[in-house]
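Hi everyone, thanks for making time today. Please bring the model up on your screens, and we'll walk through some of its contacts together.

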Amino acid sequence: AASVYCDGLEEFHVNRKAPAQGTPFLTHKKSDDDEGNEERPKQKPKVNGVTIVMIDAVSRQEVVRSMPEMTKWLRAAARSSDNDATPAVAEFPGFTTVGPNTIGNLNTMFAGRILDSTYTPPNRKQDSDNALVSLLMRSSDSQQEEQKERLTYFLERNIFALAKKRNSSMFTSYISGLCEDAPQGYWNATNGTSSTGFGDASRDVDVRFVTPSCHESYGVKESNFEGFNNIWRRCIGRDSVHDQLFSYLGSQTRQQMTKKKPFLQFMHMLEGHEGTHTVLQQTDAAFVRFLSELQDDGYFSDGNALIVVADHGCHMGPYWELATAGAVERSMPMFTMLLPGDVAAAHDAELKANRDKLVNAFDVYGTVLDLLGADDAPKFPGLLGAISVRSLLKNLGERKTCESAGSPREYCALTDVCQYP
């Protein structure tokens, strides 16, 4: 760990090595087939299904502070090496951002592309979401053509479309605690339809669980004390929103496992998206129940992976506005993968080599495709030129600078830090 001092007023610990507060990295059971056969080349296994749980606006440090039971569960899982049902835990403390907000990071996670190469970041205290929406709605013909090209690229190269292209029987789903049409809300277009999701439902996303989040008591109210930005408790009816999302995702997962179908599921949680950090604390027990149920149902032993990731750290409230540590954490979101033991064992060297490197949403995109065997995407245009799809299951090579990671310097963890002594 490196101690960071900013203006002589604060001390902040950036964990670059295996930390006492972090999760032990990548412990897995060595299979009987490996004994005495270390020199024999083998085909590396892929997973049957991938579930991504994206917690909006949560740093790696915030998970440790606000979700102690989940942190404890991950540590226990990482230390366990004698149970096939227990996943291998791979944590990446060098995970950083490519943009200032959800729009700037989530689209890269979905489609491996930074939205706009000409985007100039606003001051951190400005409303960056509105600034980006305004940028997208500029009226010149060239800008409209650029926007159309970006949308077309997204609809063709998003993880759901590529997974379906790789395996037509792949079940895909998008579950959200936010009442928003994703293409319309993030890319200012609906591709000629009014449905929520990623283009043609028959091609991309089989199930979209968004409508409940549009309930009049939640999805259409926006204040600090009601609706989806409530800083007290977020409910639809008598149940917490996060409980309903986890219940639906768990039921859907068991159904696909019973059917023996490959799947790609994405769930977007909003509970970290507020400045007091109290709503996130309420999800801790529910998250642990969800993880335990997956393990008990044989999710990991059946060859499925779970990715728990955030788009960025918190960018609201006094901790972010007034503390340098809060500003640093904005660029250090959580990223942890829970992998089947055989997959982790097959990629042990690569995962360990990549652990302390700068990684970002480009790598999440590439890793998801690699896990599903759909990693044949070509080079794509990025902010810093052509950046090839990168998977954490392959050695990433040198990653000592923001440029080499593909993260714009203004959003990269290394440049948010005042001073490394």
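Let's begin with Arg65, which counts as partly exposed at 42% relative accessibility; that label covers values between buried, under 20% relative accessible area, and exposed, over 50%, with a 1.4 Å probe and protein chains only. Helices here are DSSP runs of H or I with at least four residues, strands are runs of E with at least two, and both are numbered from the N terminus. Glu62 joins Arg65 and Glu329 in a network of salt bridges.

A quick word on the source: this is a predicted model, so local features need pLDDT of at least 70 and side-chain atom pairs count only at pLDDT 80 or more, while totals for chains, interfaces and linings use all residues. Residues are numbered from 1 along each chain as its sequence is written, and side-chain values use heavy atoms, leaving out hydrogens and water.

How many salt bridges does the rule give? The count comes to 12. Another one is Asp206 with Lys164, with the closest N and O atoms 2.8 Å apart. Asp206 sits in the loop between α7 (182-187) and β6, and Lys164 in helix α6 (residues 159-166), 42 residues apart. Asp206 is partly exposed at 35%, whereas Lys164 is buried at 12%.

Now for the sheet. It is open, with seven strands in the order β4-β13-β12-β3-β11-β5-β6 and mixed pairing; two strands pair if DSSP finds at least two bridges between them. At the edges, β4 (88-91) and β6 (207-209) each pair on one side only.

Is β3 enclosed or open to the outside? Seven of its seven residues are buried, so β3 is largely enclosed by the rest of the structure. Gly49, Thr51, Val53 and Ile55 point one way, and Val50, Ile52 and Met54 the other. β3 pairs in the parallel sense with β11 over seven bridges, and Val50 stands opposite Leu264 there. With β12, the parallel pairing of β3 runs over six bridges, and Met54 faces Val309.

Technical notes:
Salt bridge = Lys/Arg side-chain N within 4 Å of Asp/Glu carboxyl O.
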